[in-house]
Amino acid sequence: MSGHPADGLRSHAAALRERADRLRGACDVLEWKGPQADAFRARVEELARRCATAADGLSRSAARLDGRSG
């Protein structure tokens, strides 16, 4: 159903997952080495993980809304 709140949540979840993948991909191609690079990569991975966690929460909320709308 177009315009259903669950559709919006799924759309936001997909956008967050795509951004998490892009963050990881951008780090994978960096040739930067050393402790600062490692720290940067760890921070980016944490941010990507947080995006993925938020996306999972949005997806669960969308599923619950779908269950209520029957």
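This is a predicted model: local features need pLDDT of at least 70, side-chain atom pairs count only at pLDDT 80 or more; totals for chains, interfaces and linings use all residues.
Residues are numbered from 1 along each chain as its sequence is written, and side-chain values use heavy atoms, with hydrogens and water left out.

Leu65 itself sits in helix 2, residues 35–69 (helices are DSSP runs of H or I, at least four residues, numbered from the N terminus). Leu65 counts as partly exposed because its relative accessibility is 24%; buried means under 20% relative accessible area, exposed over 50%, and partly exposed in between, with a 1.4 Å probe and protein chains only. Asp7 lies 58 residues away from Leu65 in sequence, yet the C-alpha to C-alpha distance is 9.6 Å.

On the aromatic side, a search of the whole structure turns up one pair (ring centres of Phe, Tyr or Trp, the last by its six-membered ring, within 6.5 Å; planes under 30 degrees apart are stacked, over 60 edge-to-face, the rest tilted). Trp32 and Phe40 make it up, and the pair is tilted because the planes meet at 45°, with the centres 5.6 Å apart. Trp32 is partly exposed at 39%, and so is Phe40 at 36%.

For Cys27, the nearest cysteine sulfur is that of Cys51, 12 Å away. Cys27 is buried at 8%, and Cys51 is buried at 13%.

Conventions: Helices (H or I, at least four residues) and strands (E, at least two) are DSSP runs, numbered from the N terminus. A disulfide is a pair of cysteine sulfur atoms within 2.5 Å.
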